[in-house]
Amino acid sequence: MRNRTCLYGSAALIGLTTFGAAAHAEEPVAARAAAADAQPAVGKGDGDIVVYGRGQTRQVQELQKADIAAAIPGTSPLKVLDKLPSVNFQSATAIGTNEWSTRISVRGFTQQQLGFTLDDVPLGDMSYANFNGLHVSRAIASENIGRTELSQGAGALSTASSSNLGGTIRFYSTDPGDRFGVDTEATFGSNDNWHLFGRVETGDLGGGVKAYVSGSYVDAPMWKGNGKQVAWSINSKLVVPLGDRGSIKAFVNYSDWKDDDYVDEWPDLLARKGYDWDYLRYDWKTAKAIADNYNKNGVYCDTYAGYSGQICGDDAYYDGYGLRKDLLAGANIAYDLTDNLSIKFTPYYHHDRGIGTWWTFYTPTPGGANLSVRSTAYFIDRGGLTGSLAYKAGNHLIEVGGWYEHNDYETAREYFPLADTDHSTIGKLEWPRNPFKFDYDYKFKINTYEYFIQDSWQVTDALKVNAGFKGLDVKVDNRFVKGNAAVWDTTGALEAKDLFIPQVGANYMINDQFEAFASYAENMRAFNTDPFVTSKAAFALLKQNNIKPETSWTLEGGFRFHLPHFEGSLAGYHVKFDNRLFGVSPCLAIQSCPTVLSNVGSITTNGFEAAGTYRIVRSLSLYASYAYTDAKYDNDVRNGGGELVVATAGKAVVDQPKHLINGELSYDDGTFLARIHVNYQSKRYATYSNDLSFAGRALVDLSAGYRFKADGVLGGTDIQVNVSNLFNKKYVATIGETGGYQTYFATYQYFLLGAPRQAFVTLRKKF
């Protein structure tokens, strides 16, 4: 697998005459494609902060390129979304690109229950150790994203995702410009952070053919402890018109990420060691002493030179980091076969090589140190095709399409040796070699089939109705290759299949200024690889119990307002989430115990969302959003014998704030720009039993800049200053990154701290 070439990509590009990429059936395909590519002017003082989905039958909002440009360069596109209603974003870093800590949820649905695409290419669920995609921060540089669309309730039927129980997030890259040019950007910030970006635009090469190539580099030391994030990427895009009836838009992106992680906390550790405690990186002497004390003397907590108070074994691992290399290629081909018949299709290919590491004293190196490097390796080799045909017949737009993906995925839990006298047998942020032990090595073959049929009927000039359904069939076939077969051999297959998943919606334009919308949608989340990463006995049991895929249905409705100085929306919703999968691990995260997975009931969520932008004058606008989310578990968690495991019935869903409030004041007259943004989140529970919670917090971010308009050397030069967490608030950010939310172990690591105040200065120059 590790030497496999891009066979899927080649096959997909050869087969361009088959299906077409998913298109919205709410407008003609060609018109929608043109609208998707049209970008608002950036830096002209007339770009909207939020676009409110006029004419849509679902709750939909968009953020434009200007919004990412106002953030700290290199910021994750997910973080920029946190101003939209019902979006809960968390990260241990100011820019949100550390994947171990980055989490996003919408209306109580976690990241693994949302759908993500880039230019119609599926990104999977973007979770850490993603088995069927990659994080958007690795897929494309944020400077190359043209717009981002969020559907809070349910994505379009055409969305290529097998995980979108809740909303979908679709990213669209910017097109090359019509004129030759070079864009450069350099950012320097707190803790000696560097971010560099450059893009070369070819301009029109003749007949509308144009392209760009960009490169980015990040060297971002951590805000506490030792370590850094080092990453670079290359993005490229080519646009070739097909006469006046269509186009080919192809891209190839490559990234190489090396990412030190922050230490995972629990309440007692935070109380004893404080906000700045982290891994022991570079202090090999102390890490070795802790391991020797535990393995030779059976002493878990003790005092060590250079540190105040006691240090316990799980307080201070020596190191932990993640490595990822990704190649992602695809092409959007759109063509109007006739005035009424259009086709779109997107072949794509993705290859990933990744690993996550932890230095552990629980597994000593035979004949070496009383530590080893415990790792989980990931290899993805997937290719696929999405496509659709759209036919305009009178007042009906009928669309038929589908998605196919084949994915060869491998994951292995390995242990690498460390010499007793020197830890440098494994270089810093390097891939370890020569494992002495395997827990497991699994090879998966995953086939995904999806189809959809939809009719958009313009009943009258004011009333539009959408109705359709999709079918989804995902089969995960696993083969145990090597390791501790008695414990980890879960060779077998699981299939999630539902060939009728309906969706219906309506939009009524009351007049040019007011519209009403309502929709109902069902969804299913296919199995990922989690059910297989368990014990042989537990896997046999879940097969015997006929484990079911998670499902949901969403009912939502609301109003949109399009007034001369005000754009906004109001929406209410009711969600039922069934067959919730719950895993219980009987040990610490680092100790690698099999998780027992089972269906444990449902969640009921009711909520209300409001958002609006008031343009005070042309250059000054005020944006605000509010979301109320009441999400509760309907059932207690019980084991196969009916015994109570966790009393969750009536408890609030973990990590879901009941109140989310955003406010932003933005000024941009084309020369000066300034933004101040506040994000408030109320209390979040950290355990299923709601016996531990973290207080709400308000974070304030500030940005300001100046664009030089003069001719000469300074022409085309911008300078921008960003300050995150302006008032230096100390708070808990990510919760549950290790799969926690449990109360069974006093030292279970399950949350991370947010970054303190940080400042960045950016210089941009266009040639």
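User: Is R245 buried, exposed or partly exposed, and which residue does R245 pair with in a salt bridge?

Analyst: In this predicted model, R245 has a relative accessible area of 27% and is therefore partly exposed. As a general idea, side chains of opposite charge can pair when their charged atoms come close. Here R245 forms a salt bridge with D339, with 3.6 Å between the closest N and O atoms. D339 sits in the loop between β15 and β16, while R245 sits in the loop between β11 and β12, so the pair ties together parts that are 94 residues apart in sequence. D339 counts as exposed, at 71% relative accessibility.

User: How many salt bridges are there by this rule, and which residues are joined into one network?

Analyst: The count comes to 36 salt bridges, and those that share partners join D67, K83, E664 and R675 into one network.

User: Where in the chain do the partners R138 and E99 lie, and are they buried or exposed?

Analyst: The side chains of R138 and E99 meet in a salt bridge at 2.4 Å, N to O. This pair links distant parts of the chain, with R138 in helix α5 and E99 in the loop between β2 and β3, 39 residues apart. R138 is buried because its relative accessibility is 5%, under the 20% cut-off, and E99, at 8%, is buried as well.

User: What are the accessibilities of D178 and K210?

Analyst: These two side chains, D178 and K210, meet in a salt bridge at 2.7 Å, N to O. D178 counts as exposed at 54% relative accessibility, whereas K210 counts as buried at 14%.

Note on methods: Residues are numbered from 1 along each chain as its sequence is written. This is a predicted model: local features need pLDDT of at least 70, side-chain atom pairs count only at pLDDT 80 or more; totals for chains, interfaces and linings use all residues. Side-chain values use heavy atoms; hydrogens and water are left out. A salt bridge is a side-chain nitrogen of Lys or Arg within 4 Å of a carboxyl oxygen of Asp or Glu. Helices (H or I, at least four residues) and strands (E, at least two) are DSSP runs, numbered from the N terminus. Buried means under 20% relative accessible area, exposed over 50%, partly exposed in between (1.4 Å probe, protein chains only).
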